[in-house]
Amino acid sequence: MLSLLYQEGPSTKGIFRRSGNIKTFKELKEKLDSGTEVDLACESIFVTASLFKDFLRNIPGSILSSQLCDKWVSVLDQGNNEEKIKSIQRLIEHLPRANVVLLRYIFGVLHGIEMRSEENQMNAFNLAVCIAPSLLWPPVSSTPDIESEFIKKISSLVQFLIENCCRIFGDEITSLFGEI
């Protein structure tokens, strides 16, 4: 999924914003969940993006770890960008290795999409609004007002991560997929 999103996402207007066909999404999700091999290259990139967000939402405790939720939310309240980046890097060290590897690939894809935002209309802000709720959620449910405020903070954090991903994850993030 990430490879397809890396290839097609940058040239797809509204990637992650537009939903794929619901019926196709459900059929493919069932096939994937049952272990059936699926050729996503034959499907709409919007369905693939929807499947990927669904995959992220189903990671137990979220990819950024709900246990670290308060720390993630407070990162942007810290000093200058350098201090924020160092805080983020320290938080990343507390994540399981599999989460860190996946995050590097996710932000490699998001960076590639954002670099062509004039074409796809998905700048860092728009991408963050679409993907942030799939990356982190609070460990306990809350009121709609608190949840809305939380989503705004997480979206700002994800926007910062996209805009600074090369400094956070290293410059090689731009070449993780090699020459596809």
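Predicted model: local features only at pLDDT ≥ 70, side-chain atom pairs only at ≥ 80, totals over all residues.

Tutor: Contact here means heavy atoms within 4.5 Å. Leaving aside its neighbours within four places in sequence, Phe-16 is in contact with Leu-5, Ala-49, Phe-52, Lys-53, Leu-110, Ile-113, Leu-127, Cys-130 and Ile-131. Phe-16 itself sits in the loop between α1 (2-8) and α2 (22-34), and its relative accessible area is 2%, so that, with buried taken as under 20%, Phe-16 counts as buried.

The backbone at this position also deserves attention. Most residues other than glycine have a negative phi. Phe-16, however, has a phi near 75°, a positive value in a residue other than glycine. Ser-65 likewise has a positive phi near 75° without being a glycine; Ser-65 is placed in the loop between α3 (45-57) and α4 (69-74), and at 14% relative accessibility Ser-65 counts as buried. In that loop between α3 and α4 one also finds Ser-66, which is buried with a relative accessible area of 10%. Setting aside neighbours within four places in sequence, Ser-66 is in contact with Gly-61, Leu-136, Trp-137, Pro-138 and Pro-139.

To return to Phe-16, this residue belongs to the largest nonpolar core, which has 57 residues, and Phe-16, Trp-72, Ile-106 and Phe-107 are the members that touch the most other members. The largest share of this core, eight residues, is supplied by helix α6 (residues 97-115).

Helix α6 can then be followed to one of its packing partners. α6 and helix α9 (residues 144-163) pack at an angle of about 80°, their axes being 9 Å apart; since angles of 65 to 115 degrees count as roughly perpendicular, the two helices are therefore roughly perpendicular to each other. On the α6 side the contact is made by Phe-107, Leu-110, His-111 and Glu-114, and on the α9 side by Val-158, Leu-161 and Ile-162. Sorted by class, this contact of α6 with α9 has five nonpolar residues, one polar and one charged.

Apart from neighbours within four places in sequence, Arg-167 is in contact with Glu-82, Ile-85 and Gln-89, while Arg-167 and Ser-87, 80 residues apart in sequence, are 12 Å apart in space, C-alpha to C-alpha.

The whole chain gives the setting for these details. The protein chain has 10 helices and zero strands, and buried residues make up 46% of its 180 residues. Among contacts between residues at least 6 apart in sequence, 75% join residues at least 24 apart. For 180 residues a compact globule would have a radius of gyration near 16 Å, and the protein chain, with 16 Å, agrees with that expectation. Taken along the principal axes, the C-alpha atoms fill a box of roughly 45 × 40 × 30 Å.

Methods. Residues numbered from 1 in each chain as written. Heavy atoms only, no water. Helix = DSSP H or I, 4+ residues; strand = E, 2+ residues; numbered from the N terminus. Buried < 20%, exposed > 50% of the residue type's maximum accessible area, 1.4 Å probe, protein only. Core = buried A, V, L, I, M, F, W, Y, C linked by side-chain atoms within 4.5 Å. Axes fitted to C-alpha atoms, helices over the stretch in contact; angles between N-to-C directions. Parallel < 35°, antiparallel > 145°, perpendicular 65-115°, else oblique. Nonpolar A, V, L, I, M, F, W, Y, C, P; charged D, E, K, R; others polar. Rg over C-alpha atoms; globule rule 2.2 N^0.38 Å.
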